[in-house]
Amino acid sequence: MATIISDNITSPLGQTTEQTYKAVREGKSGLSHYPCENGEGGWNDLPFSVEASLFNKEQWDKIMVDGFSKFESLVLHSVKAAISTLIFNKERAILILSSTKGDIELLEKGEEMPSLADAAKKVSLAIGIENDPIVVCNACISGVSAIILGQRLVDCGNYTHAIVCGADVQSRFIVSGFQSLKALSDEPCRPFDIERLGLNLGEAAATIVLSREMNSPNGWKVDKGAICNDAYHISAPHPKGLGAGMALSKMKNADNPISVIGVHGTATMYNDQMESKAIEMADLQDVPLSALKGYFGHTMGAAGVLETIIMMRALEDNMILSSKGFETCGVSGKVKMSDKPMTAEGNTFVKMLSGFGGCNGVVRISNRPLPQIIDNDILVSQTHSVKITQDEVVVDGSRLDVKSRGKEMLTEVYKTKIGDYPKFYKMDMLSRLAFVASELLIESEGQRTLNSNSSTLNSSRAVVLFNHSSSIIADRQYVKSIEKDDFFPSPAAFVYTLPNITTGEIALRNGYHGETSFYLLAERNEELMQRVIKSTFIDRDVKSVIGGWIDCPSEDEFECEISIFCKE
């Protein structure tokens with residue numbers, strides 16, 4: 001069982017887990033008000049003020065490393081702190097980085113922005129690990145997704161140690177995007193409160209080290225995890241909490257009850273309402289809740305890891321922290337939340353997150369002896385396949401007759417082979433590529449007509465994709481849109497800057513409620529991709545996976561090779 005043997009939090013509240021947790025216990029918040037500095041060249045060079053939790057200059061001076069960007073320095077600082085006292089075989093270790101936008105501020109400045117995958121490789125080599133790292137880029141659930149992936153790879157025996165770090169640095173790019181969605185509050189956020197106005201953004205890095213070797217009876221262990229898509233909308237959560245409720249239901253264990261649920265608790269109108277219904281759907285409405293965004297803001301890629309560490313510390317003190325900002329319940333689902341600390345009973349908690357693309361992630365952490373119930377002999381077969389480049393389309397080895405090339409070729413294939421999903425024209429380039437490839441793949445499989453209404457297929461199929469360039473085309477287009485004097489950023493353009501929207505589009509089109517995950521690699525690594533795809537079947541509800549490589553560095557240069565993998 002994957003055991004957490006070390007951790008670190010680097011946040012505006014402290015450079016260590018101990019400093020940060022002490023501040024939270026004392027009721028301190030990292031949130032501050034940043035007034036409008038439009039035209040003044042400040043951090044918030046936008047026509048509105050924000051409330052956020054950000055590192056100050058003195059803190060950055062302690063974090064920065066020569067030759068590393070701000071984001072890379074933050075990751076390296078947290079990772080080195082987490083492993084500083086550990087001795088382990090680095091040849092059997094892997095770095096898993098969770099982030100949404102990484103060094104996106106460099107792109108805003110007109111500089112060359114390294115891929116998140118390249119940044120992860122740089123950090124991995126700096127700590128002496130030569131194995132290819134993995135970046136989890138699964139929108140707001142990235143942190144929980146990274147913990148789940150680390151647990152799977154360690155429990156499967158692929159690695160003895162997984163260093164899981166979540167990090168994000170705030171920028172004009174990110175702030176303007178959330179503002180375009182009318183999701184920000186210029187006051188301290190109030191999760192689940194009737195007066196909640198929206199979320200606050202934050203920056204931080206948090207790291208946990210998972211070990212297979214040190215499986216002592218004591219210590220926090222990652223019991224299990226689940227990722228489910230609600231297949232409802234690309235940027236809005238299912239009103240009845242379908243995906244989150246499905247994932248939460250998998251966490252129930254009569255022999256080991258849940259002490260507390262760490263909700264996402266963004267303080268947006270729709271997220272908190274959805275979570276309350278998901279908790280009811282899973283019949284967990286009597287379990288106390290903990291919402292931590294009032295202390296840190298929404299730290300995006302760091303949130304799942306950071307909040308997991310804080311909840312571990314609180315349960316060690318037999319405490320459920322007060323949900324800062326909460327006073328009066330403002331959701332229709334029954335929830336058990338308090339503005340004062342509560343006494344915790346038990347030694348197991350659940351951390352849940354939800355994000356754009358319909359994704360919902362939940363992980364269960366326990367501080368008690370747990371049985372090892374991992375099937376290391378999972379057999380996976382590859383069936384149908386589709387390959388698309390800027391010059392050709394090949395389905396199960398047969399080349400399609402297409403006249404166009406590049407971007408126009410995808411439109412030609414859509415018109416001649418699909419044609420019944422006009423939303424295709426609203427998608428970014430990466431999502432168009434994924435959509436066309438998946439449509440051809442499913443048509444080849446025959447499931448489009450045979451099982452279009454099959455609830456079994458819809459709940460048992462996962463979508464797992466990899467690339468190197470993330471969503472670089474959409475990123476560049478969005479940067480151009482916010483350079484204009486008349487500042488009207490497009491919410492649709494912002495959402496497509498998240499590469500996992502590709503998996504969300506496939507789930508939405510087909511009604512898939514299984515796992516949807518997106519990973520970045522420094523280079524295409526078939527062996528590593530197969531390990532990740534195979535590990536997805538640890539979720540016993542997963543029977544098949546649409547998975548593979550889909551990279552799109554430009555509109556006229558792309559490569560997609562995806563297949564259907566089935567559990568034998």
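# Reading helices, strands and burial in this model

Q: How do helix 6 and helix 11 lie to each other, roughly parallel or roughly perpendicular?
A: Helix 6 and helix 11 are roughly perpendicular to each other (angles under 35 degrees count as roughly parallel, over 145 as roughly antiparallel, 65 to 115 as roughly perpendicular, the rest as oblique). This is a predicted model, in which local features need pLDDT of at least 70 and side-chain atom pairs count only at pLDDT 80 or more, while totals for chains, interfaces and linings use all residues. Residues are numbered from 1 along each chain as its sequence is written, and side-chain values use heavy atoms, leaving out hydrogens and water.

Q: At what angle do helix 6 and helix 11 pack, and which residues make the contact?
A: Helices (H or I, at least four residues) and strands (E, at least two) are DSSP runs numbered from the N terminus. Axes are lines fitted to C-alpha atoms, for helices over the stretch in contact, with angles from 0 to 180 degrees between N-to-C directions. Here helix 6 (residues 142–155) packs against helix 11 (residues 303–316) at about 75°, and the axes are 5 Å apart. G143, V144 and I147 of helix 6 meet G304, V305 and T308 of helix 11 (contact means heavy atoms within 4.5 Å). Three of the contact residues are nonpolar, three are polar and none is charged. Nonpolar here covers Ala, Val, Leu, Ile, Met, Phe, Trp, Tyr, Cys and Pro; charged covers Asp, Glu, Lys and Arg; the others, Gly among them, are polar.

Q: Is helix 18 mostly covered or mostly open?
A: Buried means under 20% relative accessible area, exposed over 50%, and partly exposed in between (1.4 Å probe, protein chains only). Helix 18 (residues 501–510) is mostly covered, with nine of its 10 residues buried. Among them are the charged residues E505 and R509.

Q: Which residues other than glycine take a positive phi, and where are they?
A: Most residues other than glycine have a negative phi. M300 is not a glycine, yet its phi is positive, about 55°; M300 sits in the loop between helix 10 (293–296) and helix 11. M300 is also buried, because its relative accessibility is 3%. S470 is another case, with a positive phi near 55°, in the loop between strand 19 (461–467) and helix 16 (472–481). S470 counts as buried too, at a relative accessible area of 9%.

Q: How much of strand 4 is buried, and which strands does strand 4 pair with?
A: Six of the six residues of strand 4 (residues 93–98) are buried, so strand 4 is largely enclosed by the rest of the structure. Both faces are covered: A93, L95 and L97 lie on one side, with I94, I96 and S98 on the other. Two strands pair if DSSP finds at least two bridges between them. Strand 4 runs parallel to strand 6 (residues 161–168), joined by six bridges, and I94 stands opposite A162. With strand 5 (residues 134–136), strand 4 pairs in the parallel sense over three bridges; L97 stands opposite V135 there.

Q: Which strands are the partners of strand 22?
A: Strand 22 (residues 557–567) pairs antiparallel with strand 16 (residues 380–389) over eight bridges, where V386 stands opposite I562. Strand 21 (residues 544–554) also pairs with strand 22, antiparallel and over nine bridges, and V545 has F565 as its bridge partner. Strand 21 and strand 22 form a hairpin with two residues between them.
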